[in-house]
Every structure is written in structure tokens, then in C-alpha cells.
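Subject: Structure for your review

Dear colleague,

Please find below the structure I promised to hand over.

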Amino acid sequence: MSMAQPQGKKRRYEGCAQDSEYFQCYSDVTVHEEMISDSVRTNAYKLAILRSHAALRGKSVLDVGAGTGILSIFCAQAGASKVYAVEASGVAQLASEVVKSNNMEGRINVINGSVENAEVPEQVDAIVSEWMGYALMYESMLCSVIYARDKWLKPGGLMFPAFAELFIAPINDPITESRLEFWGNVKVQYGVDMSCMRSFARSCIMSKEMAVNSVSPEDVLSLPVRFASLDLATITATEIANIHGSFQFNCFGSSLFHGFAIWFSVIFPGEKPIILSTSPYTEETHWKQTLLYLNEEVQVEQDTTITGDITMTPSDANPRHLRVLMNYSVQGGVRQSKLFQMGS
């Protein structure tokens with residue numbers, strides 16, 4: 001399990017309090033390099049769009065948060081007659097260059113502005129957007145997609161993606177385990193007892209800040225649970241501001257339980273739907289998995305039950321940041337609660 005901290009696209013604007021600053025965070029090549037180089041992500045969109053050529057041929061498409069314009073290009077390649085690529089950051093100028101380089105000027109119209117302030121001249125047949133953040137909801141860009149859907153999507157129009165699902169599972173974190181054991185081993189190496197540091201180390205490592213790391217399948221302690229499903233055709237801004245679900249796990253065997261991992265999948269429309277998954281059981285994406293640590297590790301055994309519920313809401317200080325309230329109980333014991341955050 002990697003202990004790297006979030007970088008690039010989904011972490012660069014951690015301190016962005018205002019929309020203008022948020023959009024400015026996307027005016028950097030590193031962000032777009034990370035997204036496009038994520039072949040699982042980019043190929044899923046490409047395949048889903050090109051497979052929908054029959055539904056898109058001769059149709060109009062709105063690309064919400066178009067970035068450098070690659071998804072808009074895919075839509076034009078699939079036969080869309082008009083694509084409105086809305087991008088609020090300064091990279092919209094580069095998207096126009098990309099469109100020109102691919103001889104798509106007549107079919108793709110790059111609009112530099114937020115979707116809430118954009119002037120799209122017609123109702124569209126489809127909306128495409130890569131809006132997903134860490135733990136699905138970190139960016140809170142889904143509100144803009146919903147706004148665009150309600151304002152410009154024709155009845156029965158297509159959403160790319162069409163559905164999203166959130167999953168959770170308990171995990172063992174061998175690196176956290178090793179870091180905590182480190183302080184007990186200092187005496188062996190240097191002759192100084194520093195075991196008293198373990199409690200301080202635990203409070204630092206197993207904090208309220210959510211981490212973004214890769215979880216190895218062997219470190220997942222039970223079958224995962226899907227705790228939320230989002231239908232992009234009908235979900236409202238009110239509903240995504242309070243995503244709630246419950247879970248019950250039965251552990252596979254003896255292990256230390258350090259916390260929970262959250263990941264998501266999105267499903268694209270079509271007769272043979274394409275699924276983009278960020279599960280630890282599939283090829284790694286730049287989203288990896290989002291980890292929520294307990295205050296203290298717990299020993300679990302075969303068939304130990306872990307029950308509880310989870311609530312995801314935007315941060316009060318910044319709606320683009322994420323807050324997660326976790327309530328859980330191990331083997332019917334005392335119910336524990338912990339409030340996590342990502343960003344301020």
C-alpha cells in the first residue's frame with residue numbers, strides 16, 4: 001500500500017477558497033498530464049463515447065469542464081455534429097488550439113467560462129463530463145453537471161457517465177502497522193527506549209484527514225459494500241449534498257483493522273455499458289482509494305462483524321472540500337464516531 005499523499009488534479013486546489021482560485025488551479029499542465037496519462041480513465045471515456053456512435057451521430061453534445069478538450073474530440077470522432085466544450089480556466093485557449101490541430105473547428109465550439117455563466121445556444125442531446133474527485137465527491141463539480149443537465153439536456157438525453165456507485169470496505173494497512181512498531185524497535189537499534197512515542201505517532205498517522213493511497217487486495221478484510229448509487233439523470237444537488245449509506249462486514253480472518261477504504265465506479269450508457277472502476281481489485285487509476293483511519297487499530301478475527309453507517313457532505317468552510325462522518329461498531333461493541341475531512 002503506497003503512502004503517497006494526493007497530488008495533481010484532485011489535490012492541487014486544496015487551498016482554493018473561491019471559484020476563481022479553483023479554476024486557476026487547473027491552469028497548469030501537470031493537472032491535465034495526470035488525467036490524460038491515466039489510461040484506465042481516458043480509455044474508458046474514449047471507448048464509451050465511440051461505442052455510442054449510433055446515438056451521437058449528427059447530435060449535439062455539451063462537455064462540462066472540458067479541460068484540454070480530449071473528450072470533446074472523442075465526441076466529434078463518434079459523429080457528433082456539434083460539441084460545446086465549456087471550460088472555466090485559462091486552459092480553454094489551449095483547448096481551442098487542440099481543436100484546431102485536429103481540424104475540428106467547425107464542430108467543436110470552446111466556451112471559456114463556468115457552465116453556470118455559459119451561453120450555450122441550443123438544447124443538447126448528450127452531456128459528457130469527467131467530474132469525479134477523490135472518494136467521488138471531493139471536487140463537488142457534480143453540481144455543475146446537474147445544473148447543465150437541468151438547463152440544456154433534452155428530455156431523454158444521454159449522460160456520460162450515467163451512473164455512479166460508492167463502495168466501502170475495512171482494511172489492514174501494513175505500512176501504518178510498521179510505522180507504529182518503529183518506535184518500539186528504536187531501543188534495539190540505538191539503546192534508547194522510545195516506545196512512549198507510539199501514542200503520539202498513532203494520533204498523527206491515524207488522524208481525521210482522509211488519505212489517498214493504493215490498497216492491495218490482500219489488505220481488504222471483507223467483501224466490500226456498495227453504500228450509495230447515483231443516477232445522473234435524476235439526482236439533485238440537494239441529494240448529493242448529503243450522501244448516506246450503511247454497511248455490515250464479516251471479516252475474512254485474523255488481522256489488525258486500521259480503517260476503511262472508499263472507492264467508486266461510474267457506468268456509461270450503451271447496450272454493453274463501459275464501467276470505470278477505482279476498486280483495489282482493478283487496474284490502478286490516479287484516484288487510487290480514499291482511506292479513513294480509526295483512532296486506534298482493532299484486532300479482528302474470522303467472521304468478526306463490523307457494522308455502521310457513513311455520511312458524506314461538503315465542508316462548511318469550502319463546498320469543494322469533503323467531510324465524512326463515520327459511525328461504526330466492531331462485534332456489537334460500543335458505537336464509535338469519527339468525523340473526517342479532505343481539504344479545510
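This is a predicted model: local features need pLDDT of at least 70, side-chain atom pairs count only at pLDDT 80 or more; totals for chains, interfaces and linings use all residues.

Two strands are said to pair if DSSP finds at least two bridges between them.

Strand pairing

By that criterion, strand E14 (residues 322–330) is paired with E15, as seven bridges join the two strands, which run antiparallel. One point of reference is Tyr-328, whose bridge partner in E15 is Gln-336. These strands belong to an open sheet of four, in the order E9-E13-E14-E15, with antiparallel pairing. Strand E9 (243–250) and strand E15 (336–342) stand at the edges of the sheet; each has a single partner strand, so one side of each is left without a neighbour there. From one strand to the next, the twist averages 20°.

Strand E12 (residues 289–300) takes part in two further pairings. With strand E7 (residues 211–213), E12 pairs in the antiparallel sense over three bridges, and here Asn-213 stands opposite Gln-289 in E12. With strand E10 (residues 255–267), E12 again pairs in the antiparallel sense, over seven bridges. In this second pairing, Phe-257 has Val-298 of E12 as its bridge partner.

Helix packing

Two packed helices are described by the angle between their axes and the distance between the axes. Two helix pairs may be set out in these terms.

For helix H8 (residues 174–190) and helix H9 (residues 197–205), the axes come within 8 Å and cross at roughly 155°. Angles over 145 degrees count as roughly antiparallel, which means that H8 is roughly antiparallel to H9. The crossing of H8 past H9 is right-handed. On the H8 side, the residues that meet H9 are Thr-176, Arg-179, Leu-180, Glu-181 and Trp-183; their counterparts in H9 are Met-197, Arg-198, Ala-201, Arg-202 and Ile-205. By class, the residues of this contact divide into five nonpolar, one polar and four charged.

For helix H3 (residues 39–51) and helix H5 (residues 70–77), the axes come within 9 Å and cross at roughly 25°. Angles under 35 degrees count as roughly parallel, and H3 and H5 are therefore roughly parallel to each other. H3 also passes H5 in a right-handed crossing. Thr-42, Tyr-45, Lys-46, Ile-49 and Leu-50 of H3 make the contact with Ile-70, Leu-71, Phe-74, Cys-75 and Gln-77 of H5. Seven nonpolar, two polar and one charged residues make up the contact of H3 with H5.

Buried and exposed residues

Which residues of helix H7 (residues 142–152) are buried? They are Leu-142, Ser-144, Val-145, Ile-146, Ala-148, Arg-149 and Trp-152. The buried residues of H7 pack against several elements: strand E1 (60–64), strand E4 (124–128), strand E5 (153–160), strand E8 (225–231) and helix H10 (237–240).

Lys-272, by contrast, counts as exposed, because its relative accessibility is 65% and the cut-off for exposed is over 50%. Lys-272 lies in the loop between E10 and strand E11 (275–277). The C-alpha atoms of Lys-272 and Ser-52 are 9.8 Å apart in space, while the two residues are 220 residues apart in sequence.

With kind regards

Definitions and conventions. Residues are numbered from 1 along each chain as its sequence is written. Side-chain values use heavy atoms; hydrogens and water are left out. Axes are lines fitted to C-alpha atoms, for helices over the stretch in contact, and angles run from 0 to 180 degrees between N-to-C directions. Angles under 35 degrees count as roughly parallel, over 145 as roughly antiparallel, 65 to 115 as roughly perpendicular and the rest as oblique. A crossing is left-handed if the near helix is turned anticlockwise from the far one by less than a right angle, and right-handed if clockwise. Contact means heavy atoms within 4.5 Å. Ala, Val, Leu, Ile, Met, Phe, Trp, Tyr, Cys and Pro count as nonpolar, Asp, Glu, Lys and Arg as charged, and the others, Gly among them, as polar. Buried means under 20% relative accessible area, exposed over 50%, partly exposed in between (1.4 Å probe, protein chains only).
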